[in-house]
Amino acid sequence: MRRGIAATALVASFALAATACGGSDSGDKADGPVTITWWDTSNATNEAPTYQALIKDFEAANKDIKVKYVNVPFDQAQNKFDTAAGASGAPDVLRSDVGWTPAFAKKGYFLPLDGTEALADQAKFKPNLIKQAQYDGKTYGVPFVTDTLALVYNKQLFEKAGVEAPKTWDDLKAAAATIKSKTGVDGYWGSTAAYYAQTFLYGEGTDTVDAAAKKITVNSDAAKKGYGTWLSLFSGKGLHKADTTADAYAHIQDAFVNGKVAAIIQGPWEITNFYKGSAFTDKSNLGIATVPAGSSGKAGAPTGGHNLSVYAGSDSAHQKAAEKFVGFMTSAKSQTQIALKNSTLPTRDDAYTAEVKADPGIAGYQSVLSSAQPRVALPEYSSLLTPLDTELLKIAGGKESLDKGLGNAETALAKLVPDFSK
């Protein structure tokens with residue numbers, strides 16, 4: 001995409017990179033504080049104010065360091081950082097999606113943090129989350145927030161219909177039909193997005209690729225079965241039809257928080273928004289359960305979240321300052337404060353205080369973390385979802401068959417991981 005950027009836009013991107021970098025262009029004085037830049041990719045309304053308050057606390061405790069805070073929209077951050085780092089200038093700290101971390105580490109954009117002040121408390125973090133921050137034996141980020149998908153449901157509607165949280169996808173279909181009969185409300189509304197469809201693959205014991213075997217598995221029999229179940233949940237009594245519009249995410253979320261649909265699959269990043277809806281003014285009405293299991297008998301959902309990573313292209317002074325800042329932001333005290341303000345899930349056990357767990361959303365999602373499945377340790381892994389998003393949208397909208405769509409996805413994935421067999 002960047003090959004077609006006009007010269008003026010390219011110059012602008014380089015200028016952004018230069019100002020973002022914590023090096024000599026940052027305006028630091030020899031005898032003054034070091035200024036580091038943090039690109040935060042969180043929700044600017046719900047989460048960012050908490051981080052900005054913590055920055056003030058950090059600066060008060062570290063007079064020799066200033067933090068320039070920049071909120072970058074999540075859907076733009078990956079490409080923006082790639083451009084900035086490729087131009088030899090990027091923010092000193094990036095709130096990096098766990099799926100981006102290995103790719104940027106492979107390119108040499110992230111600094112290994114093993115043995116640094118940033119990872120001084122490494123033993124306190126959940127081991128599977130540290131593993132997700134690693135690439136080729138080194139650790140390139142500190143787990144900042146974690147998440148996974150769960151079945152979230154309206155307890156009052158479920159109780160009115162006399163149904164319980166479903167254990168399998170067949171149970172969900174039956175519950176949806178009963179909820180529709182008893183309440184007049186749809187029981188379930190699914191997403192067409194590939195990330196959400198991963199739960200159906202995990203329920204069949206498969207994934208888009210088998211990294212160990214270097215094989216593309218998105219069109220395997222197991223994957224077809226999983227995606228077949230996913231597709232079947234867009235038609236039937238109490239099952240909302242697929243929304244293939246650009247605003248599908250917002251439509252699904254709005255319907256759920258206002259009691260117009262009884263259950264959806266969603267992550268904890270929406271906890272604060274759940275509580276803003278008319279259906280959850282009483283927070284205890286929010287039900288959270290492990291995603292239903294597939295025919296394998298096991299339930300699984302992708303492990304998501306974000307790491308704080310340090311740019312490898314800045315000078316030593318800025319890297320040291322960035323490491324100290326990352327250590328502060330991921331400390332037990334900071335993570336506790338973040339959880340209480342933002343209702344996000346901490347990445348270290350000592351941040352799950354009694355006060356934090358008093359939030360039913362956090363407690364509920366913490367209870368389903370055991371079903372979270374780590375992503376494949378493959379730099380290209382997160383990019384595999386892009387062609388799947390395109391094909392699944394067509395399949396759900398009835399524009400192509402499941403077989404054709406998965407065949408197209410397999411061909412597209414082969415271009416992204418050319419050394420993998422089909």
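How are α8 and α16 oriented to each other? The views below are taken from a predicted model.

**View 1. Packing of helix α8 on helix α16.** The axes of α8 and α16 lie 9 Å apart and pack at an angle of about 90 degrees. Angles of 65 to 115 degrees count as roughly perpendicular, and α8 and α16 are therefore roughly perpendicular to each other. On the α8 side the contact is made by Ala-194, Tyr-195, Ala-197 and Gln-198, and on the α16 side by Leu-385, Leu-388, Asp-389 and Leu-392. By class, the residues of this contact are six nonpolar, one polar and one charged.

**View 2. Packing of helix α16 on helix α17.** The axes of α16 and α17 cross at roughly 170 degrees and come within 9 Å. This angle makes α16 roughly antiparallel to α17. Helix α16 contributes Pro-387, Leu-388, Glu-391 and Ile-395 to the contact. From α17 come Leu-402, Gly-405, Leu-406, Asn-408, Ala-409, Ala-412, Leu-413 and Leu-416. The contact of α16 with α17 holds nine nonpolar residues, two polar residues and one charged residue.

**View 3. Crossing of helices α9 and α17.** Helix α9 spans residues 221–232 and helix α17 spans residues 402–416. Their axes are 11 Å apart, and the helices pack at an angle of about 125 degrees, which makes α9 oblique to α17. The crossing of α9 past α17 is right-handed. Lys-224, Tyr-227 and Gly-228 of α9 meet Leu-402, Asp-403 and Leu-406 of α17. Three nonpolar, one polar and two charged residues form the contact of α9 with α17.

**View 4. The largest nonpolar core.** This core has 52 residues, of which Tyr-227 and Trp-230 touch the most other members. Two or more residues each are given by the strands β7 (150–154) and β10 (263–266) and by the helices α6 (155–161), α7 (169–183), α8 (194–202), α9, α16 (385–396) and α17. Helix α8 gives the most, with seven residues. Apart from this core lies another, of 29 residues, including Val-34, Ala-118, Leu-119 and Val-326. In soluble globular proteins, nonpolar side chains tend to be buried together.

**View 5. Surroundings of Trp-230.** Residues up to four places away in sequence are not counted here. Beyond them, Trp-230 touches Ser-191, Thr-192, Ala-197, Phe-200, Leu-392, Ile-395 and Ala-396. Ala-197 also takes part in the contact of α8 with α16, as does Leu-392. Ile-395 is one of the α16 residues that contact α17.

**View 6. Phe-256 in helix α10.** Phe-256 is found in α10, residues 248–257. Phe-256 is buried, with a relative accessible area of 0%. With neighbours within four places in sequence left aside, Phe-256 is in contact with Val-152, Tyr-153, Asn-154, Val-261, Ala-262, Ala-263, Ile-264, Phe-274, Ala-279, Phe-280 and Leu-286.

**View 7. Lys-404 in helix α17.** Lys-404 is found in α17. Lys-404 has a relative accessible area of 49% and is partly exposed, because the class of exposed residues begins over 50%. Lys-404 and Asn-219 are 185 residues apart in sequence, and their C-alpha atoms are 9.8 Å apart in space.

Definitions and conventions:
Residues numbered from 1 in each chain as written. Predicted model: local features only at pLDDT ≥ 70, side-chain atom pairs only at ≥ 80, totals over all residues. Heavy atoms only, no water. Axes fitted to C-alpha atoms, helices over the stretch in contact; angles between N-to-C directions. Helix = DSSP H or I, 4+ residues; strand = E, 2+ residues; numbered from the N terminus. Parallel < 35°, antiparallel > 145°, perpendicular 65-115°, else oblique. Left-handed = near helix turned anticlockwise from the far one by under 90°. Contact = heavy atoms within 4.5 Å. Nonpolar A, V, L, I, M, F, W, Y, C, P; charged D, E, K, R; others polar. Core = buried A, V, L, I, M, F, W, Y, C linked by side-chain atoms within 4.5 Å. Buried < 20%, exposed > 50% of the residue type's maximum accessible area, 1.4 Å probe, protein only.
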